[in-house]
Amino acid sequence: MRMLFLEVDTESTWSVASLGPAFLGGMLRAHGHECTLLRVGMDMGVADIEAAVRGFGAGLIGVSATTRQWLRTRALLEELRERLNVPVILGGLHATFSPEEVLHHVGVDYVCLGEGEAALLELVEVLEASGHPAVRSVDNIWIKGQARPKIRPPIEPIDSIPFAARDLLDERWGVVHMSTQRGCPFPCTYCAARMYDQLYSELGGPSYGRRRSHENVLAELRALRAAGPLNYVVFLDDTFTIHHGWVREFCRVYGAELAVPFSLHARVETVNERMLGELGAAGCKHIVYGVESGSERVRRDIMQRHASNQRFRDVFRWTREAGIMATANYIIGTPGETVAEMEETIALHHELQPADFGYFVFYPYPGTALFRTCLEKGYLPEDYLEQPAVHRRSILRLPGVTPEEIDAVYARWTAIRAAGMVSRMPDASAEQTAQALAVAQGHAATA
Ligand code: B12
Ligand code: SF4
């Protein structure tokens, strides 16, 4: 069968398309099917999708959508259905944790719950054999109008999953994106990523958390180096630095054989001075840390994160000393956070002095613990499903904090970013300063 994946842009074009379809594409191709990806830029519309579907002769359309992408995706799929009747499947975290809502919409026929490779392959084979819409049940695939399906166990061994289909990732300049693990064992209440772990643990079967072998990861990187320039590796794992033994051995083998500069995401609880030194020696140039709040109370009581502020100070210092650039990410306006606590985040930021930072107004992602809190306490507006997940304004009705107060804190972060940019241009003219401010606001607009 021929399958077309859609990557639906929202306000900006991300440097990389979703990894999900690339893994799914690798699996389909390994079994003789064909697939391609259309990136639906902001200047494109349903006519472009229709042309791509017809041109490729797609028998199935697949979309991996985050909550942020869902509103535009939904509108496009509704229009598409008026033009052609090719079945459509959605997968990823949003579809997994809002399946009824997603399936309710015209233009969506199936939702994939959880891990997709084996489920999609089976669906494609059943569709080929029987034809849409007469499909027998396939584990993980929720068919519109039918009962919720069973969930199949996570794929084991994880090394058996074929390498990602790179052409579906839109990669350039020898910068490649890698995923070495699935799942994250931490309990952060705002995070959608960990919900797969919870979904699978509730089933009582094997855990969703798995990590590829070093040999398997290196084999993929060797193949990439053989196929073209390999200039930089972005590890997109949620927390690269769990499993210390794995990381130590990775640093040894990767540093010895490839030593291509790389970046990763980490939690401060999972690194120490020695590990940071080893990562730096192996070629690590950049680590993204979730700091989220400068208030220990907010982190502990609201976010389920127990590291102290001192731990953040130490880790940011060790990271710098290891020659690695640190980015800090912050969340503004979690339910229960006071304006004074939002100020504590700004104070901690000034102490940490990260090389870069991101600041995001809290959005309650479906499936998360904080989403449930917001629902139970009536913080969600009636029309929350119609409000885009843009991380610039709070969609919540929070007691004790007004949307205007959150706006004001957000504007302070934008000013901090602008000041940082301007301070890096000491001889800036008024015009250059205004330009830097505009760029900073643009950055905020795309966050
Ligand atoms: C890499 C990454 C990015 C990359 C690439 C985007 C992507 N979607 O892959 C970049 C940097 C662009 C990015 C940006 C953002 N991200 Co991001 N990102 C991730 C991250 C860390 C890893 C995703 C990944 O590669 N997983 C590996 C693949 C193999 O797993 P997977 O995506 O789950 O796919 C499997 C299944 O879900 C399923 N599946 C997935 N899609 C499909 C489609 C079909 C048809 C089928 C059948 C099955 C299927 O099969 C796949 C294989 O098993 C996740 C965290 C996470 N663990 O999911 C956050 C995550 C997806 N991001 C998130 C967010 C919020 C953002 C941003 C809004 C951040 C911001 N504030 O700027 C932007 C928005 C991007 C956008 N386009 O909307 C949230 C999304 C929450 C939600 N419910 O929507 C997550 C879950 C992080 C979190 N802490 O909650 N992100
Ligand atoms: S450590 Fe990161 S990926 Fe894991 S639950 Fe917390 S925020 Fe999510």
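Reader: What conventions apply to the numbering and to the model?

Author: Residues are numbered from 1 along each chain as its sequence is written, while chains are lettered from A and ligands numbered from 1 in the order in which they are written. In this predicted model, local features need pLDDT of at least 70 and side-chain atom pairs count only at pLDDT 80 or more, whereas totals for chains, interfaces and linings use all residues.

Reader: Which residues come nearest to ligand 1?

Author: A residue is near a molecule if its C-beta atom, placed from the backbone, lies within 6 Å of it. Around ligand 1 there are 36 residues, of which G20, G62, S64, G91 and G116 come nearest.

Reader: Which helix gives the most to that shell?

Author: Helices are DSSP runs of H or I with at least four residues, and strands are runs of E with at least two, numbered from the N terminus. Helix 1 gives the most, with five residues.

Reader: Where is the cis peptide bond?

Author: Most peptide bonds are trans. Here a cis bond joins E156 and P157, with omega about -10°. P157 is in the loop between strand 6 (141-143) and strand 7 (175-178).

Reader: Is H391 buried or exposed?

Author: A residue is buried if 20 or more other C-beta atoms lie within 10 Å of its own, exposed if 12 or fewer, and partly exposed in between; C-beta atoms are placed from the backbone. H391 is buried because 20 other C-beta atoms lie within 10 Å. Its phi is near 65°, a positive value in a residue other than glycine.

Reader: Why does H243 count as partly exposed?

Author: Because H243 has 16 C-beta neighbours inside 10 Å. Phi of H243 is near 60°, also positive.
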